[in-house]
Amino acid sequence: MEKSIDRLKVIDNIEKNIKEKKFNDKVEENDPFMTEEERRELILDFDNLKTKWRNKFKANIARYIVDMITLDANQSTEIIGIENIKDLDSGAIITSNHFSKMDNTVIRYLMHKIGKRKDLFIVVQETNMKMEGEIGWLLKNCYTIPLSSNLDYLQNNFVPTLKKILDNKGFVLIYPEQEMWFDYKRPRPHKIGAYHYACKFNVPIVPCFIEMVNTDEVMNDGFKEIKYRLHVLKPIYPDMEKPLKERKEEMREKDYSARVELYESLYSRKIEDEFDRKKDIAGW
């Protein structure tokens, strides 16, 4: 079976970005863009915590639907290192590699396993709030927190939202790689945001790395179906005696280094190895 042209275009974009060392840039074709007018309408007053009764009602329905999707999509998912998060007695920021619109279900599955399915919030790109249809409705309503560059929103909505969640011992999933690179196996350099907020609120980072394993089943796009193996690494705590800039850089380095070490062990590849689409793209 021939492989999908659309998928191959995305892989071409991944290869191009790697050559240009743009590890956090978009690779998907025709990704949406948000105007200032749309931002004012959709983002600035977004009810992140679902405090309004209608939003809470829709959020509970959305969570039920996503729970069903999560359990169905992760029937074959394995979790290694669950003991590293099971007894955590505080809020935490979870970081994970970002390679699929469905990879958040793997982290949701982890929350199910530790009895915290109602305690997870997910930070998403603000442009996700423009998505239409069933997926768009779920994205808007299932306890997602849009991330915007608008300073008013960040100061008066986003940051207070994180504080309330973490103060209540909740979990916030942040993708430090920023953009999704479809089925790309390697860890990518991390943006500083997750570590800044971990230091600001004095909570640990829980690094997660999702390993992708090919199955024998070939999908309609010509690529093999994959199953997931989630690795939960030991929490990384901020050293509050160090200056903010130093402590958040230290957390970022520890997280990325642990992820790279695990990747090299799992895939028998070095992070510096030349890109090889058959080895670096799952499902090939």
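**Labels and their grounds**

Me: Why is Glu-249 called partly exposed?

Reply: Its relative accessibility is 34%. Buried means under 20% and exposed means over 50%, with partly exposed in between. Glu-249 at 34% therefore counts as partly exposed. Bear in mind that this is a predicted model.

Me: What makes Arg-252 partly exposed?

Reply: Arg-252 has a relative accessible area of 22%. Buried would need a value under 20%. So Arg-252, at 22%, is partly exposed.

Me: How do you know that Glu-249 and Arg-252 meet in a salt bridge?

Reply: Their side chains meet at 2.9 Å, N to O. The cut-off is 4 Å between a side-chain nitrogen of Lys or Arg and a carboxyl oxygen of Asp or Glu. The pair therefore qualifies. Both residues lie in helix 9 (residues 244-267), three residues apart, about one turn of the helix.

Me: What makes Asp-280 and Arg-186 a salt bridge?

Reply: The N to O distance is 2.8 Å. The limit is 4 Å, so the pair counts. The two residues link distant parts of the chain, 94 residues apart. Asp-280 is in helix 10 (residues 277-280), and Arg-186 is in the loop between strand 5 (171-174) and helix 8 (193-200).

Me: Are Asp-280 and Arg-186 buried or exposed?

Reply: Both are buried. That label means under 20% relative accessible area.

Me: Why is the contact of Glu-78 with Arg-229 called a salt bridge?

Reply: Their side chains meet at 3.2 Å, N to O. The cut-off is 4 Å, so the label holds. Glu-78 lies in strand 1 (residues 78-80) and Arg-229 in strand 7 (residues 224-232), so the pair ties together parts that are 151 residues apart in sequence. Glu-78 itself is partly exposed, at 34% relative accessibility.

Me: How many salt bridges does a search of the whole structure find?

Reply: It finds 24.

Me: What makes Trp-137 partly exposed?

Reply: Its relative accessible area is 32%. Trp-137 is found in helix 6 (residues 133-141). It also belongs to a nonpolar surface patch, with about 980 Å² of accessible area together.

Me: Which helix gives the most to the nonpolar patch?

Reply: Helix 3 (residues 53-73), with eight residues. Among the patch members are Trp-53, Phe-57 and Ile-61.

Methods
Residues are numbered from 1 along each chain as its sequence is written. This is a predicted model: local features need pLDDT of at least 70, side-chain atom pairs count only at pLDDT 80 or more; totals for chains, interfaces and linings use all residues. Side-chain values use heavy atoms; hydrogens and water are left out. Patches are made of residues with over 30% relative accessible area and no salt bridge: like charges are joined within 9 Å, nonpolar side chains (Val, Leu, Ile, Met, Phe, Trp, Tyr) within 5 Å. Accessible areas come from the Shrake-Rupley method with a 1.4 Å probe; for residues, only the protein chains shown count as cover. Helices (H or I, at least four residues) and strands (E, at least two) are DSSP runs, numbered from the N terminus. Buried means under 20% relative accessible area, exposed over 50%, partly exposed in between (1.4 Å probe, protein chains only).
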